[in-house]
Amino acid sequence: MKKSILLFGLFLFLSFNINAQENELAPFLAKTISGANLRAEPDENSEKKETLKIGADLYVFSDYEINGYVKSIDIKTNKLGWVKSFAIKKVKDIPLSASSGFQESGQSSSYDTEVEITNKSSSTISLIVGNNYFSLEPHSTTTEITENGVLYYTASAPGVIPSSGKYKFEQGHKYNWTFTIVTRRR
């Protein structure tokens, strides 16, 4: 009986992770319509990362909710967290990027999948690849290990609307990704 419960729990965990990954395909911009807390986890008892004022701009990964929370990035501060869905209003959809910015650069030095991340901007950046979160200081480079397969990514920096897409990472390969901030006037 314990084995069945453990296997069922593992199945639920894997199903939850797959569904969460699939639901990250529909990002949108939102504004807070009431004061809200950005939390570390989708739980009201979770650490409060910041208090958002009415009208705060958010990048929301999808309308997929966990305990009434949606996964979000505060665009002003670039903090990642969870916000109660009733506290936001969708402004517009954000299409996934057609070009990923990742470039294969050969075989990795191990059997792992390596990503060399370069930040050419003057801001600290964040890059989420699959279930991995990387933060990189201005004008620096790091090499990180990531998962294999088709993964969703999101790149962001304070004051910049994040960019998301998907890319296929192969085991034993090395990839380069360079972050720059492009300013466009509307």
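F179 is buried, at a relative accessible area of 6% (buried means under 20% relative accessible area, exposed over 50%, partly exposed in between, with a 1.4 Å probe and protein chains only). The model is predicted, so local features need pLDDT of at least 70, side-chain atom pairs count only at pLDDT 80 or more, and totals for chains, interfaces and linings use all residues. Residues are numbered from 1 along each chain as its sequence is written, and side-chain values use heavy atoms, leaving out hydrogens and water.

Nine aromatic pairs are present in the structure. Rings of Phe, Tyr and Trp (its six-membered ring) pair if their centres lie within 6.5 Å; planes under 30 degrees apart count as stacked, over 60 as edge-to-face and the rest as tilted. F169 and Y175 have ring centres 5.2 Å apart and planes at 80 degrees, so this pair is edge-to-face. F169 is buried at 2% relative accessibility. Y175 is buried as well, at 1%. W177 and F179 form a tilted pair, with 5.8 Å between centres and 45 degrees between planes. W177 has a relative accessible area of 5% and is buried. Ring pairs join F102, Y153, Y167, F169, Y175, W177 and F179 into a cluster.

Charges also sit over rings. The criterion is NZ of Lys or CZ of Arg within 6 Å of the ring centre and within 35 degrees of the ring normal. The charged end of K71 lies over the ring of F61, 4.9 Å from its centre. K90 is placed over the face of F28, 5.0 Å from the ring centre.

V83 belongs to strand β6, residues 79–84 (helices, H or I with at least four residues, and strands, E with at least two, are DSSP runs numbered from the N terminus). V83 is buried, at 0% relative accessibility. T32 is 51 residues from V83 in sequence, and their C-alpha atoms are 9.2 Å apart. Contact means heavy atoms within 4.5 Å. Beyond four places in sequence, the contacts of V83 include A36, L52, Y69 and I88.

T146 lies in strand β12, residues 140–146. T146 is buried at 8% relative accessibility. Its side chain makes a polar contact with the side chain of N132, at 3.0 Å. Such a contact is a pair of N or O atoms within 3.5 Å; within protein, one must be able to donate a hydrogen and the other to accept it, and residues adjacent in sequence count only if both atoms are side-chain atoms. Setting aside residues up to four places away in sequence, T146 touches T113, V115, V129, N132, L151 and F169.
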